[in-house]
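Reader: Please go through this model with me, one question at a time. I would like the cut-offs stated where the terms come up.

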Amino acid sequence: MSLPQRDKDIPIVDAHHHLWDLDAVHYPWLDVNNTKPFFLGDYTPIIRNYLPDDYQRDSATHNVIKTIHVEAECDRNTQVAETAWITEMNAQFGFPNAIVGHVWFDRDDAEEVIAGHKEYPLFRGIRSKPVTAERPEDIKPGGPRSMQDPKWLDGFALLEKYDLSWDLRVPCWHLEEAAEVARAFPNTRIV
């Protein structure tokens with residue numbers, strides 16, 4: 001499908017995309033030996049590298065002027081490695097232009113991991129998904145890694161200290177809890 005010329009001229013900031021090099025950073029959900037299905041279905045067709053050339057090919061019919069790489073579920077023991085690799089891609093290809101990485105807010109090493117990400121100038125925010133319920137009736141307020149968990153909230157407080165945003169990703173039945181977090185941390189940007 002080709003776009004009308006006027007649509008090709010509209011400048012676009014792609015605010016959320018992923019790249020991965022399966023030889024550079026480990027992504028457990030993209031491991032051919034992983035027999036556990038990922039939550040959105042069969043990922044077999046995308047178990048391959050997806051590099052800047054692939055992104056540029058796929059977005060060629062649009063006027064993408066900037067992009068933001070959002071963490072792609074890499075091995076949680078090597079979270080900063082993804083930020084380092086994306087920084088290398090920017091140096092080689094001129095994009096992504098900003099990075100949103102991952103940190104478990106409730107872990108003892110949360111500040112250490114944030115500080116590691118912050119060593120890279122393109123790092124702007126964190127996508128750390130709290131524990132959520134599959135259905136509204138299954139919500140367990142205050143449980144470990146939930147948005148009411150005091151340890152999670154202590155880690156979340158680091159976002160303001162490091163001038164980072166939070167990429168919120170929860171089912172709609174958890175938005176009231178997210179609003180409580182936003183009220184408690186009015187100086188933290190939430191995407």
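**Salt bridges, sheet and helix faces**

Reader: Which residue forms a salt bridge with Asp-163, and how far apart are the closest N and O atoms?

Author: A salt bridge here is a side-chain nitrogen of Lys or Arg within 4 Å of a carboxyl oxygen of Asp or Glu. Asp-163 meets this rule with Arg-189, and the closest N and O atoms are 3.0 Å apart.

Reader: How many residues apart in sequence are the parts that this pair ties together?

Author: Helices (H or I, at least four residues) and strands (E, at least two) are DSSP runs, numbered from the N terminus. Asp-163 lies in the loop between helix 6 (158-161) and strand 5, and Arg-189 in the segment after helix 7, so the parts tied together are 26 residues apart.

Reader: What are the ground rules for the numbering and the values?

Author: This is a predicted model, in which local features need pLDDT of at least 70 and side-chain atom pairs count only at pLDDT 80 or more, while totals for chains, interfaces and linings use all residues. Residues are numbered from 1 along each chain as its sequence is written, and side-chain values use heavy atoms, leaving out hydrogens and water.

Reader: What are the relative accessibilities of Glu-71 and Arg-76?

Author: The side chains of Glu-71 and Arg-76 meet in a salt bridge of 2.9 Å, N to O. Both count as buried, Glu-71 at 0% and Arg-76 at 14%.

Reader: In what order do the five strands of the open sheet stand?

Author: Two strands pair if DSSP finds at least two bridges between them. Strand 1 (residues 11-17) and strand 2 (residues 63-70) pair over five bridges, and strand 4 (residues 123-126) pairs with strand 5 over two. The pairing in this sheet is parallel, and the order is 1-2-3-4-5.

Reader: What is the bridge partner of His-69 in strand 3?

Author: Strand 2 and strand 3 (residues 98-101) pair in the parallel sense over three bridges. In strand 3, the partner of His-69 is Ile-99.

Reader: What is the handedness of the crossover from strand 2 to strand 3?

Author: A crossover is right-handed if, with the strands pointing away from the viewer, the path from the first strand over the helix to the second runs clockwise. The chain passes through helix 3 (residues 79-93) between these strands, and this β-α-β crossover is right-handed.

Reader: Within what arc do the buried residues of helix 7 fall?

Author: In helix 7 (residues 175-184), Glu-177, Ala-178 and Val-181 are buried, whereas Glu-176 and Arg-183 on the other side are exposed. The arc is that of the directions from the helix axis to the C-beta atoms. The buried residues line one face of helix 7 because, seen down its axis, they fall within an arc of 100 degrees.

Notes: Buried means under 20% relative accessible area, exposed over 50%, partly exposed in between (1.4 Å probe, protein chains only).
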